[in-house]
Amino acid sequence: MEIAINNVLIPDFKKLVFKKCSVGISKGKIVSISENKIKGNVTIDGEGCYLTPGLIDCHCHIESSYLLPSRFGNEVLKRGVLHVVADCHEIANVAGKKGLEFFIKDAKNTPCNIMFAVPSCVPATEFATSGGKITIEDMEYLFGFKEVVALGELMNYVGVINREEKFMKMIELAKKYKKVVNGHAPGLTGNLLKAYVSAGIDDDHENESYEEILEKIQSGLSVFIREGSAEHTQPDAYKIIKKYPDKVMFCSDDKTAEDLVNIGHIDYNLKKAISLGIEPILALKVASYNGLMHYGLKEYAEIKVGNKAYLVLFDPEFNVKNVIVDGKIYTEKPQHIEVPDYLLHSFKVKPIDSVPPIKNHRICILAKDGSLITERLILENHNKEYDLENDILKIVNIERYGYGNRSSAKIKGFGLKKGAIGTSVAHDCHNILAVGTSDEAIKIVVNKIIEEQGGLALFDGKEVFFMPLKVGGIVSNENVNKVIKNLKLLKDKAKELGSTLTDPFATLSFMALEVIPHIKLTDKGLFNVDKFCYE
């Protein structure tokens, strides 16, 4: 016997009880479960502890951590998350099918079982310029990968409800290859929700309240309770687990590297559920078994003889003591990652000589802390591009794939009193966004991003501070500690410039996303999301 774990509590997800026993592991599988102690080459005393199947994140965007899949995987393993379903539409918007193939390849450099959903909306619309796209033909090709388990979230719910041909083809293709169809239905209720679900959608994660989750489950969906960095589920909603213990799972959606390290991953969802009065056996069922079965990963879902040994040993407070992956106790090893040149040199533009002037002086974007939703402000008799006293700054969008598009607008909410900040993480197309107090300051951060082939930049009036994101301009090739250190420095410097936003770079990254209300700036111009047209 290679590993023996004695006197440990293991879950029975059918009877919803824990039973005390000893577990033997050999050649990557569970080979023995006994009421008596087992001897092994490595023997662990599990008295008072829980041995469970590995946790699963049922839906996430790895790029939100600024980490490569392999580094992300190694980090979440420490949190007991042994399985991840990643919808990497960010790298697909930069580099299309090739970008996804690199992420799938890189994920093999971590013992974490990272699986993928094929993005369904790349690009999100025709109103912004991306570097890549995913066609129906690409989807069929990618569905052939064993690592692909789903069709990614169908964000264009209007197109699905209206049974637009391209979305029906996607769903039909996913069903043909026996893949799960992930949903994205914020605020949908009643007959519209029923129409969306009846198109073939399997699950949804866009929920905050108990009432939303209840209606979606009763409409036939499985639901992922989400705890991300910006998106959270109301505490009262967790009681749905008691009512529908088979239909609920956990996901993170978007989580920063800082939060992964300091707050947790799916182990955070698990502990939150237990703290809110959910029985540990039910919380564990939601955190592991339900999601694994949802994605057809039956051989990982229970502790029984013959199943794969992807296990977590938790202490009585559900802190991770040991992680067992493929029958081996996990220890982190150094990684050397080869990134293809097309991702290291994804910018097809030269440094800019000037910043585009504002064309519409009457409309101003209002950004709000902790929200992706902006407001459309009307400014009367206001022809100045900058009004620092009233926090009216300038935002620019510089297209970076070689088509020459540039746009600008007024923006309020960033609070900068001097300098500028910029980013090449600009959902979903990932062009360059910058906000600043002068054209010169904006030009400096934009050009720094172009020269360095991607990253986050800040100019304080004297010096440029920079965090490189060399991989497609959206992901770092550095380790997690370096990423956290660089990001903290930039956020602290932004506060020194006057910003009161919790994370001004994260807020800025969503100012071009033309599918989130109400007003955004794409590379093609100021866009009214409610009317779905340019201003």
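**Entry 1. Glutamate 535 and arginine 376**

I looked up glutamate 535 in this predicted model and found it partly exposed, at 35% relative accessibility. I then asked which residue meets glutamate 535 in a salt bridge. The partner is arginine 376, with an N to O distance of 2.6 Å between the side chains. I noted that arginine 376 belongs to strand S18 (residues 375-378) while glutamate 535 lies in the segment after S27, so the pair ties together parts that are 159 residues apart in sequence. Arginine 376 is itself partly exposed, with a relative accessible area of 35%.

**Entry 2. The strands around S18**

S18 is joined to strand S17 (residues 363-366) by four bridges, and the two run antiparallel. Within this pairing I found cysteine 364 opposite leucine 377 in S18.

**Entry 3**

S27 is part of an open sheet of three strands in the order S25-S26-S27, paired antiparallel. I recorded strand S25 (519-522) and strand S27 (533-534) as the edges; each has a single partner strand, so one side of each is left without a neighbour in the sheet. Strand S26 (residues 525-528) is linked to S27 by two bridges, in antiparallel fashion. Across this pair, phenylalanine 527 faces tyrosine 534 in S27.

**Entry 3. Aspartate 253 and arginine 226**

I took the count of salt bridges in the structure, which is 29. One that I examined joins aspartate 253 to arginine 226, with the closest N and O atoms 2.7 Å apart. Aspartate 253 sits in the loop between strand S13 (248-251) and helix H9 (257-262), and arginine 226 in strand S12 (residues 222-226), so this pair ties together parts that are 27 residues apart in sequence.

I looked up lysine 482 and found a salt bridge with glutamate 478, in which the closest N and O atoms are 3.8 Å apart. Lysine 482 counts as partly exposed at 36% relative accessibility, and glutamate 478 is partly exposed with a relative accessible area of 31%. I also recorded a network of salt bridges that links Lys14, Glu302 and Lys304.

**Entry 4. Glutamate 147**

I located glutamate 147 in the loop between helix H3 (136-142) and strand S9 (148-154). Its relative accessibility is 12%; buried means under 20%, so glutamate 147 counts as buried. I then asked which residues are in contact with glutamate 147 once its neighbours within four places in sequence are left aside. They are Ile104, Lys108, Met115 and Phe116.

Terms used. Residues numbered from 1 in each chain as written. Predicted model: local features only at pLDDT ≥ 70, side-chain atom pairs only at ≥ 80, totals over all residues. Heavy atoms only, no water. Pairing = 2+ DSSP bridges. Buried < 20%, exposed > 50% of the residue type's maximum accessible area, 1.4 Å probe, protein only. Contact = heavy atoms within 4.5 Å. Salt bridge = Lys/Arg side-chain N within 4 Å of Asp/Glu carboxyl O.
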